[in-house]
Amino acid sequence: MSTENEGTPVPPAPSAPPVPVDAPAASAPQASDAGAPTSPIPPVPPNTAGDAQAPELVHAGQAPAYASGEGAAGAPQHHGPEGSWPPPQAPVTPSYADAGAGGAGGAWGAAYQQPAPKPKGRGGLVAAILVAALVAGGLGGGLGYTLAKNHDDGSSTTLSASDSGGSVKRDAGTVAGVAQKALPSTVTIEAESTSGEGGTGTGFVFDTQGHIVTNNHVVADAVDGGKLTATFPSGKKYDAEVVGHAQGYDVAVIKLKNAPSDLKPLTLGNSDQVAVGDSTIAIGAPFGLSNTVTTGIISAKNRPVASSDGSGSNASYMSALQTDASINPGNSGGPLLDAQGNVIGINSAIQSSSSGGLGGTSQSGSIGLGFAIPINQAKYVAQQLIATGKPVYAKIGASVSLDDSSGGAKITTEGAGGSASVESGGPAAKAGLKPGDVITKLDDSVIDSGPTLIGEIWTHKPGDKVKITYERDGKTHTVDLTLGSRTGDS
């Protein structure tokens, strides 16, 4: 399955929710292409993992424009670094959940244009409300008079709640309780390149030293000398810098400059223990609307997802948690929480419809198919980035086809740039794998394509031992293999 990362250009996301007004609101403007860090992932190319007819996935990342190119999460194209199986060509992917540079159907970072209010429509609405109020008032008045006449005993009683609104203390196990605790530790991220391109996404506090975890495609624009800021729900805004970013994993870590001393990291859960049907809570800045909270459930686990920035040159692969919590461009990089408020994933991509969503724009909104990077994997990647500034990937040392018609991950006859498809002395070679072998299972996980294999391998760490099932000349074989490693995205 391929999705797009959210990431379409959008005006700077508000640091706090808009203040309500007394007058009736005009008809809500349609959300435009503006990419919140959760932009829809571009359609997956025919040669990607999953069904060639699969819906288009979009990164659920930046709300503003998402700069494609190196910023998008992704792995190297058809070949793997160091002669190991190369990151396949960016599959037709879903849109990033961040509103970055344009989702499916349009370039990431499409400008967000808020429709102008329609005075006549507003007037009509006010008039309609007034008429309805008069009718209801007349009816209510008549009934009230009759009841009072028949039951008036000379006394009246009024009941009032002792507490209401924000003064009520929410229980820790409720959605409101989780939101109250988690919101102060989430931030709206604005990334801008030296040329002025950029987008808006989300991130959350990882430790007390000021490290914030988010998606790679959310901060990609600011990697090479750009500008990066993080704004808390309180309105406090901090400049930040990129500590490290992993394109293949679509994970990045930034650090606040002059970080406050009272940071409260969110508690990390165990994504391996998540079950289908568990409640989920997502926090982000969909279409620039900072500090938005939505709820849902875990719809599926270990969902093979290949997502990209839509440029066709960068891709990321994950064995994702699928959720129906509403995730849109701008949600990218935000936390996916369980019912207790523990982070179980990082919202990264959404499946978008080909229609382009509301108003027929190029970047559509949520259709209930969102994908998050499991926190167990993201935690390992973040710790590596903080320690060394570079990502470390597990590998089998073989190049595999991205074609989904082989019924598995087929080892190609030739590697990148004419190199050997099976790395000499690498894990695959030591296990006896050869060009033409079709890998159908990794441990108990079914492998139906190259991208699926990549996503599964990257859920492991270098040095892990796995069982590979493959087919050769019509016969099935099983072999144990110890995963190797490679450093960096090149």
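The legends below describe close-up views of a predicted model.

**View 1. The protein chain as a whole.** In this predicted model, the protein chain contains 6 helices and 22 strands. Of its 490 residues, 52% are buried, and the chain exposes about 20500 Å², of which carbon and sulfur atoms supply 52%. Among contacts between residues at least 6 apart in sequence, 77% join residues at least 24 apart.

View 2. Taken in the order 4-5-6-9-8-7, 6 strands close into a barrel with antiparallel pairing, and the twist from one strand to the next averages 40 degrees. Helix 4 packs on the sheet, where it touches strand 5 (198-205), strand 6 (211-214), strand 8 and strand 9 (251-256), and its direction makes about 55 degrees with that of strand 9.

**View 3. Helix 4 along its length.** An α-helix has 3.6 residues a turn, so residues three or four places apart point the same way. Just after helix 4, Gly 389 takes a positive phi of about 85 degrees.

View 4. Ala 282 is placed in strand 10 (residues 279-284) and counts as buried because its relative accessibility is 0%, where buried means under 20%. Not counting residues up to four places away in sequence, Ala 282 touches Thr 292, Val 293, Thr 294, Ala 325, Ile 327, Pro 335, Leu 336 and Asn 347. One of these neighbours, Ala 325, is 43 residues from Ala 282 in sequence, yet the two C-alpha atoms are 6.5 Å apart in space.

**View 5. The surroundings of Thr 440.** Thr 440, in strand 18 (residues 438-442), is buried with a relative accessible area of 14%. Leaving aside residues up to four places away in sequence, Thr 440 touches Gly 407, Ser 445, Val 446, Ile 447, Thr 469, Tyr 470 and Glu 471.

View 6. The structure holds 3 salt bridges, and in one of them the side chains of Glu 423 and Lys 395 meet at 2.9 Å, N to O. Glu 423 lies in the loop between strand 17 (409-410) and helix 5 (427-430), whereas Lys 395 lies in strand 16 (residues 392-395), so this pair ties together parts that are 28 residues apart in sequence. Lys 395 is buried, with a relative accessible area of 4%. Asp 437 forms a salt bridge with Arg 472, their closest N and O atoms being 2.8 Å apart. Because Asp 437 lies in the loop between helix 5 and strand 18 and Arg 472 in strand 20 (residues 465-472), the pair ties together parts that are 35 residues apart in sequence. Asp 437 counts as buried at 1% relative accessibility, while Arg 472 is partly exposed at 22%.

**View 7. The salt bridge between Lys 467 and Asp 480.** The side chains of Lys 467 and Asp 480 meet in a salt bridge at 3.0 Å, N to O. This pair links distant parts of the chain, with Lys 467 in strand 20 and Asp 480 in strand 21 (residues 475-482), 13 residues apart. Lys 467 counts as partly exposed at 39% relative accessibility, and Asp 480 is exposed, with a relative accessible area of 54%.

Notes: Residues numbered from 1 in each chain as written. Predicted model: local features only at pLDDT ≥ 70, side-chain atom pairs only at ≥ 80, totals over all residues. Heavy atoms only, no water. Helix = DSSP H or I, 4+ residues; strand = E, 2+ residues; numbered from the N terminus. Buried < 20%, exposed > 50% of the residue type's maximum accessible area, 1.4 Å probe, protein only. Contact = heavy atoms within 4.5 Å. Areas by Shrake-Rupley, 256 points an atom, 1.4 Å probe, with all protein chains shown as cover. Pairing = 2+ DSSP bridges. Axes fitted to C-alpha atoms, helices over the stretch in contact; angles between N-to-C directions. Salt bridge = Lys/Arg side-chain N within 4 Å of Asp/Glu carboxyl O.
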